[in-house]
Amino acid sequence: MSLDPHTTLARANRNAALPFLEVSRLSKRFGATLALDDVGMAFFPGKIHCVLGENGAGKSTLGKIIGGIHSNDAGTITIEGHEVTLGTVNRARRLGIAVVFQELSLAPDLSVRANLLLGVEPHTHPFARLRRTWENERVLAVLKRLKVDVGPENGVGRLCVATQQLLEVAKALIRHPRMIVLDEPTAMLNDAEKHNLYAVLSTLRAEGATIALITHHLEDVETLADHVSIMRDGRVVDCFAVSGASDSKMIAEKLSGVRPVHSRDSAKQPVREAPFLRIDGLLDRAGKPAPLDVRRGEIIGLYGVVGCGAQHIVDALVGLRPASEIHVTLDGCRRVSATPAQARRAGISYLPTGRASNGIFPTRSIRENLNVSLLGHYSRGGLILRRREAAGTRFHLAASAVKYADLEDDIVHLSGGNQQKVLVARALRAGTRMLILEDPTAGIDIEAKRQIQEAIRARAADGIAVILVSSDLLETIELVDTLYTLYAGKVVSQFPSPQLRDRAAIVADVIGQQSPAGAG
Amino acid sequence: MRAPGTLGRVVTALRKRRQDTVLPVLIALIAILAGIIEPRFWTVDNLLNLARQMVPLLVVSVGQAFAVISGGLDLSLAAIISLGGVGGILTMNRFGIASGIGCMLLIGVGTGLLSGSIIAYFRTTPLVVTLGMLSVAQACALILSNGTPIYDVPAPYAELVGFDSIAGLPWSVWIGIATTLGGGFLLRHTVFGRYVYAIGSNASAATKSGVDVPLYTMLVYGLSGLCAAIAAVVLTAWVGSAQPVAAADITLQSVAAVVLGGVALTGGRGSMLQVIYGVTMLSMLSNVMNMIGVSAYYQTLVIGFVIILAVILDRLRRGRYA
């Protein structure tokens, strides 16, 4: 089909009024890569426009141009028919555009209130007095709308990533934008939080806001999309209107070019042997001990809402915050990790959630980012063997299908999804006995997600105990052999082969609806 | 085939260095201009003198660079020089030259490790801890020396380290070169260097990927202390005395030189080459201004402007959002 943006736009124009914002022939180059190549797209008021595509397809770049973070090299942007130059965040903001970025951009030391109102303080002059009660009302209203249960004076840095993600959305909403661009807003959210956000976005749509949703999740598209654009390698390859959930299969096919396959190996036999990893000291809801066992080759999942206690267990395992009540037996030996460095030496590797704050080294190269936990392989007596390191790096980047221009480029030059692939590769290789993975496929496209899931299974098959803590229930169910649901620090149920189980039962568990008696 | 690989690497290296071309060109320009205004600038004597003047700042800046790249700052360096000098010369007079030098180095490493361990294990900010250490070390130097300079420096020591040359260059210059090369080697080719960058770039990510952040932070300040001690060796020999308040300006000058060279004050980025650029720039400016008779007051003014200008240039070069 013809991919000329103008015909697509014309087609869209027929069934709606004037677009609120329209980009045409947009191009943007970063060094050697052409991130956007002659892109045209129109966003209509009262519609949700989903932008789909693989990692590095240019989705986030488009969002950043609309948000005024980057300026376009070529092409035009019009708002309600008038050509505009966005250029800076403030100008975009004044024109009514709010962007929720994929990387969290909250100030960790400031309160929720200060974060949400940053930049919208009513300033007639720089030393104008801040009216706290007025501010609190606004903040509380938006928090209530998003059903976020935090006080306005809480420090943001201590909140979990999912809450921070919702606060990002709140920060955009509090400005009453006419257009809101969300870049992967559901990546860190669990089912309940996600549906909440869906409801909020639907209301905004009904109120006539223009919404652009950049996402990898078909569920987002199924639930929300009015228009869908699919991008690949910086170009718009398809653009169509959708109606209803029946289209989801068609979208998946268009997106990946292949039918979605369920790659779960059905012939896999549960291994029956003594547990390789045992975590004692946890209790179930009746107060009885509930040990967690992981056998060689097994993947277990911990699933629960924010504050369910999964973080506590992970912190103890990794040595971030040792907990006296939690006892870990690994391969028959008692294990106490006092620090993450100690844990790593024992072959325990950790992939934390929050790529920007806990994962990448923004000022360092792709090579250094990949190898920071692996220097043991590439050094002798503290000296780094550069040639061996470079060769190994190339090999592993290729194996993980990372799209990169030069090994020595700063990692921030990669798209978010490709950064995540580097981090996963780092964690998978560093863990020789135990892997603890938090949201391993956050912000990654479907094809890459499948690759990563396969890589995780392969590591488990090597005899490594894998613990998965993911907010993505579908992914958890698909990946794990045993799922433990957690609620308020207690183990609620154990679901062997959860993929055969009812999703509703799992969700009921983690929101505390299940009676203590019924355990799977 | 080797040739394309080498060529490729050279091209890559040149592309990387594109960031670093402004300062060397500026340095060359100033050197050429200086030669035109004052022909004496290009005499061997003056260049040797310039090299010798550069050494203390260069050595201290190498230490400072490690602290800055790791995301910190070391404000105690000048005080460590004073304490190391006084303690070392006192020891030297009693137990001989070698033990004196050993004592200086030990004092440097010891104070550095002490600050470093407090920063690392109590999770305190380097700024405040090294500021405290500045006072402590300075006070110890004053107490040990009773507040008066110690002129009783063994002659062979002053002769050898301060004035003798080998292969045409003074000993002190060789010490400066060795320290810089050593620093560059540590940064580029060792696990330690890699971790220093990682910690400065994102300490939380470093911790969570299993880097022993407290250990390496401690080592960083041990190293900056060692560099201060090396500067103490050079200075005491050159001046022929141990001053209780030696080179008071050198700490801030080292921060200036490091930043001027282009090392990111926020950590995680920078190289020894940049440190050399920064130090050369500052030292050459004051050398030239001395020769053409600019008063000390105006020299300070000029250097201040140069530092501010360099930071602005650096920002512009890296773009708005880098």
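Let me start with confidence, since what we have on the screen is a prediction. Chain A averages a pLDDT of 82, and 87% of its residues score at least 70. There are two stretches I would like you to keep in mind, and one of them is residues 258–271 of chain A, where the pLDDT is below 50 and where the model holds 11 contacts beyond near neighbours in sequence. The other is residues 515–520 of chain A, again with a pLDDT below 50, and there the model shows 8 contacts beyond near neighbours in sequence.

Now to the overall make-up of chain A. The chain has 520 residues, of which 49% are buried, and its secondary structure comprises 18 helices and 22 strands. If we take the contacts in chain A between residues at least 6 apart in sequence, 69% of them join residues at least 24 apart.

Next, a sheet in chain A. This is an open sheet of 4 strands, which are antiparallel in their pairing and follow the order β12-β11-β14-β15. At its edges stand β12 and β15 (333–335) of chain A, and because each has a single partner strand, one side of each is left without a neighbour in the sheet. On average, and ignoring direction, neighbouring strands of this sheet are turned by 20° against each other.

Let me turn to a pair of helices in chain A, α15 (residues 416–430) and α16 (residues 446–461). Their axes come within 11 Å and cross at roughly 5°, so α15(A) and α16(A) are roughly parallel to each other. On the α15(A) side the contact involves A:G417, A:K421, A:V424 and A:L428, and these meet A:A448, A:I452, A:A455, A:I456 and A:R459 in α16(A). The residues of this contact divide into 6 nonpolar, 1 polar and 2 charged.

Finally, the contact between the chains, which takes 27 residues from chain A and 22 residues from chain B. On the chain B side, the elements giving two or more residues are α1 (3–17), α9 (191–201) and α10 (203–208), and of these α9(B) gives the most, with 6 residues. By type, the chain B side divides into 7 nonpolar, 10 polar and 5 charged residues. How many of the residues of α9(B) are buried? The count is 10 of the 11, so α9(B) is largely enclosed by the rest of the structure. The buried residues of α9(B) include B:R194, B:Y195 and B:Y197, as well as B:G193 and B:G200.

Definitions and conventions. Residues numbered from 1 in each chain as written. Chains lettered and ligands numbered in written order. Predicted model: local features only at pLDDT ≥ 70, side-chain atom pairs only at ≥ 80, totals over all residues. Buried ≥ 20, exposed ≤ 12 C-beta atoms within 10 Å, placed from the backbone. Contact = placed C-beta atoms within 7 Å. Nonpolar A, V, L, I, M, F, W, Y, C, P; charged D, E, K, R; others polar. Axes fitted to C-alpha atoms, helices over the stretch in contact; angles between N-to-C directions. Parallel < 35°, antiparallel > 145°, perpendicular 65-115°, else oblique. pLDDT = per-residue confidence, 0-100. Pairing = 2+ DSSP bridges.
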